[in-house]
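The sequence and the structure are shown below.

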Amino acid sequence: MLTLPFSSSPHNALQNPRLPIQSRPFAALNCKGVRLTIPSHCYPARGDHTTGGLAVALKTADVATLGNLCVDLVLNVPELPPASFLQRKAYMERLAASPPDKKYWEAGGNCNMAIAAKRLGLCCITIGHLGNEIYGDFLLDVFRDEGIDTVGMNEDTDVCDNASASYETLLCWVLVDPLQRHGFCSRADFSKEPAFSWMRKLSKEVKMGIRKSKILFCNGYGFDELSPSLITSALDYAVEVGTSVFFDPGPRGKSLSVGTPEQQKALGQFLTMSDVLLLTSDEAESLTGIGNPILAGQELLRKGVRTKWVIVKMGSKGSILISMSSISCAPAFKVNVIDTVGCGDSFVAAIAFGFIHKLPAVNTLAIANAVGAATAMGCGAGRNVANLKRVIEIMKASNLNEDDKFWNELFVDGIDAQQIMFLSRTAINGSSNRLHLVALQEVVSESLCKLETAWIKGVVPS
């Protein structure tokens, strides 16, 4: 039984100075200058419009991802790479000397989020650099097959002809030991400079991709490729043109917080100026020093300027969405976990789905938990991330991992919220002080209406 051990005094409630969440009312060229096909539903019905003197484009794409386009080379190894810098570098160089067969290649990084989002019926654009080689060709083929559009990040036409490794598609070695533990390494791990440090400004094509999208998604791994000034210029431009910003610092958040002054400043800008922050409970603690994920999320929300949602991912336990007016909690779905790579990226795609379609917070979390669980049931990420059929099956099964003891320990004194919404399999909708139990079957019924339409027609109803 869930209980609330703290006072429900209205004086503890957070004050909300921010506006309510709203949906914000391209020929793409790849590295080789090839014009990519854009689905008909991504074309604008009319031209741009002006709001308050600022030209704001109609948002004809749902999500644009920035950077972190890489090819994962997935290999089973007897043991994970050694810890020391030099030994890891030598280990990776030995791997790179004999590239694996194409059957071991997979789309990685932000490709995971884009593919998952597209399979939920969202119109997606990937913005990033792809080299003029077999790996770049591979990712372009994957994007074409999935119906995802690409905007190449290049400053001039000579970049693609440059033979330097700094212009090649980024590769990430995903190493799996006999215990199914994962290790990751790429050339970005062994350089003080970002992999694409030659890139200094946003092109007109990149700006158009941001301008036409409802959401710009950035993550901490983008700093491995792009300079802090370039990434923050994308953030600034998104804010200027009314594109909502999602930011997931990931494991890089901790190192950025103690990195160069430029990295620390950029991280601070993203943590305060993003509309939605997404972190694991460990990442939230590392950035705030607060162990309780709800309190840590509220601290990030308080410090935010534009922040509307802080979402804390807790793996097999579930997830939490914290806004200025409420806290929403959803236990995870029980599934047979095969591989957790890509689960977090898939989860983000579903949060974008809920944000765009203005779904209730608990519904958004439930869908996101199901999408993450569906990815965990597969092997690897990329084209193996959740498909809509499996997501719907998980939601219909409604097998929640309910752990009242875990959740009760999170609901401690000091939590400020006007209302706490909690997804429950056995509860009938009802309230006790600020705790409002939301019946899982009601949430599933409402969510399946959206998801099944997307599956059958390939279009999500507004």
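The chain exposes about 19,700 Å², of which carbon and sulfur atoms supply 53%. This is a predicted model, and of the 462 residues in the chain, 56% count as buried. The secondary structure comprises 14 helices and 18 strands.

**Helices α5 and α7**

Helix α5, which covers residues 228-240, and helix α7, which covers residues 261-273, have axes that come within 9 Å and cross at roughly 20 degrees. Angles under 35 degrees count as roughly parallel, and α5 and α7 are therefore roughly parallel to each other. The crossing in which α5 passes α7 is left-handed. The residues that meet where these helices touch are listed by helix in the table.

| Helix | Residues in the contact |
|---|---|
| α5 | Pro 228, Ile 231, Thr 232, Leu 235, Asp 236, Val 239 |
| α7 | Glu 262, Gln 263, Ala 266, Gln 269, Phe 270, Met 273 |

Sorted by class, this contact of α5 with α7 has seven nonpolar residues, three polar residues and two charged residues.

**The setting of Gly 297**

Gly 297 is part of helix α9, which spans residues 293-303. Is Gly 297 buried or exposed? Because its relative accessibility is 0%, and buried means under 20%, Gly 297 counts as buried. When residues up to four places away in sequence are not counted, Gly 297 touches Val 310 and Ile 322. Gly 297 and Ser 323 are 26 residues apart in sequence, while the distance between them in space is 9.0 Å from C-alpha to C-alpha.

How values were computed
Residues numbered from 1 in each chain as written. Predicted model: local features only at pLDDT ≥ 70, side-chain atom pairs only at ≥ 80, totals over all residues. Heavy atoms only, no water. Axes fitted to C-alpha atoms, helices over the stretch in contact; angles between N-to-C directions. Helix = DSSP H or I, 4+ residues; strand = E, 2+ residues; numbered from the N terminus. Parallel < 35°, antiparallel > 145°, perpendicular 65-115°, else oblique. Left-handed = near helix turned anticlockwise from the far one by under 90°. Contact = heavy atoms within 4.5 Å. Nonpolar A, V, L, I, M, F, W, Y, C, P; charged D, E, K, R; others polar. Buried < 20%, exposed > 50% of the residue type's maximum accessible area, 1.4 Å probe, protein only. Areas by Shrake-Rupley, 256 points an atom, 1.4 Å probe, with all protein chains shown as cover.
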